[in-house]
Amino acid sequence: MILESERRQVVEHAAELAELTPARTGNLSVRESTDGDAFAITPTGVPYDSFDVAETPVVGVDGEQRDGEMAPSSEVPMHSAIYRREDVGAIVHTHSPWSTAMATAHQPLPPIHYMIVAVGKRVPVASYAPYGTDKLAENIVEAMSAADSTAAFIENHGLVVTAPDLETALENTHHVESLARLYLEIRSASLEPRPLTDEQLETVLEQFESYGQ
C-alpha cells in the first residue's frame, strides 16, 4: 500500500482535529519525507473517526490523487503547494475559534509568551484568497517566510501550522490556539500585552536546544 505509515498517522490523529476545529472544517496531512513527492491527507466531508487506512487519500505534490478510496480534502491545493515550496513533513489546518478570531481581525500574534518559539517569534497573517487555491498557499508561504515562522493565520479563514512531523504540527497548533486565546483575553480585559524582546526570545531558543529527554 502506498504511504501506509503516513496514512496510518492520518487515521490515528485525525480525531484530534475535533478538539480544535468545528464540525468537519479542519484537515491535516503527512508527507512521505520532508522532500517527498506525495502525502497522505484527510478525506473531504467525513467525520474524523469514520475512515480507515485504505480509504485515506494519497496525493502527489502535483495535486493529483494517487491512491485511497475516498476523495481528498478540498484544501489539497493548499497542502500540495506548501509542500512544493517548503521542506516540511506535515501540515495541520484548523478553524479553531481563538486563532480564527485573530484571523478575522487580521491580527498577528506577537511574542507575549516564551512558548511562541515553538513556531517562531510571532505568528503572521496571510492575505485572504479563496480556499482550495494555489494563491492561498502562496500567500501562506510568503507570510510564514517573511516572519520566519512555521505558522500563519489566514485572513477571515483560520490557522495553518507546518512541522517536520504530524505530532509536532498538532502540538504546535495547540500552542498557537492557547496563545491566541491568552492574547485576546488580555485585550478583552482592557490590558495591553507586553511582548518579549528579541534578546529574550533568543535565550529561550538556546534553552530549548537542550530541553526534553
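The model is predicted.

**Stop 1: H1 and H5**

Select helix H1, residues 4–14, and helix H5, residues 166–188. Their axes lie 11 Å apart, at an angle of about 30 degrees. H1 and H5 are therefore roughly parallel to each other. The crossing of H1 past H5 is right-handed. Now show side chains. H1 brings Gln9, Val10 and His13 to the contact, and H5 brings Leu166, Glu167 and Leu170. By class, three residues of this contact are nonpolar, two are polar and one is charged.

**Stop 2: H3 on H5**

H3 passes H5 in a left-handed crossing. On the H3 side, pick out Pro97, Trp98, Ser99, Ala101 and Met102. Their partners in H5 are Val176, Glu177, Ala180, Arg181, Tyr183, Leu184 and Glu185. The contact of H3 with H5 holds eight nonpolar residues, one polar and three charged.

**Stop 3**

Move on to the loop between H3 and S6, where His106 is found. Check its backbone: phi of His106 is near 55 degrees, a positive value in a residue other than glycine. His106 has a relative accessible area of 39%, so it is partly exposed.

Pro108 sits in the loop between H3 and S6 too. With a relative accessibility of 29%, Pro108 counts as partly exposed. What does Pro108 touch, not counting residues up to four places away in sequence? Select Met102, Arg122, Val123, Pro124, Val125 and Phe153 to see its contacts.

**Stop 4: H2 against H4**

Now select helix H2, residues 76–85, with helix H4, residues 134–147. The two pack at an angle of about 45 degrees, and 8 Å separates their axes. That makes H2 oblique to H4. H2 passes H4 in a right-handed crossing. From H2, show Pro77, Met78, Ala81, Ile82, Arg84 and Arg85. From H4, show Asp134, Leu136, Ala137, Glu138, Ile140 and Val141, which they meet. The contact of H2 with H4 counts eight nonpolar and four charged residues, and no polar ones.

Stay in helix H2 for Ser80. Is Ser80 buried or exposed? Its relative accessibility is 2%, so Ser80 counts as buried. Set aside neighbours within four places in sequence, and Ser80 is in contact with Phe39, Gly60, Val61 and Gly63.

**Stop 5: along H4**

Which residues of H4 are buried? Colour Leu136, Ala137, Asn139, Ile140, Val141, Ala143, Met144 and Ala147. Then bring back the surroundings: the buried residues of H4 pack against H2, strand S6 (125–126), strand S7 (151–154) and strand S8 (158–163).

Ser145 is also in helix H4. At 52% relative accessibility, Ser145 counts as exposed. To Ala71, 74 residues apart along the chain, the C-alpha separation is 30 Å. To Pro108, 37 residues apart in sequence, the distance is 14 Å, C-alpha to C-alpha.

Step just past H4 to Asp148, which takes a positive phi of about 50 degrees.

**Stop 6: past H5**

Finish in the loop between H5 and helix H6 (198–208), and select Ser190 there. Phi of Ser190 is near 65 degrees, a positive value in a residue other than glycine. The relative accessibility of Ser190 is 68%, so it counts as exposed.

Note on methods: Residues are numbered from 1 along each chain as its sequence is written. This is a predicted model: local features need pLDDT of at least 70, side-chain atom pairs count only at pLDDT 80 or more; totals for chains, interfaces and linings use all residues. Side-chain values use heavy atoms; hydrogens and water are left out. Axes are lines fitted to C-alpha atoms, for helices over the stretch in contact, and angles run from 0 to 180 degrees between N-to-C directions. Helices (H or I, at least four residues) and strands (E, at least two) are DSSP runs, numbered from the N terminus. Angles under 35 degrees count as roughly parallel, over 145 as roughly antiparallel, 65 to 115 as roughly perpendicular and the rest as oblique. A crossing is left-handed if the near helix is turned anticlockwise from the far one by less than a right angle, and right-handed if clockwise. Contact means heavy atoms within 4.5 Å. Ala, Val, Leu, Ile, Met, Phe, Trp, Tyr, Cys and Pro count as nonpolar, Asp, Glu, Lys and Arg as charged, and the others, Gly among them, as polar. Buried means under 20% relative accessible area, exposed over 50%, partly exposed in between (1.4 Å probe, protein chains only).
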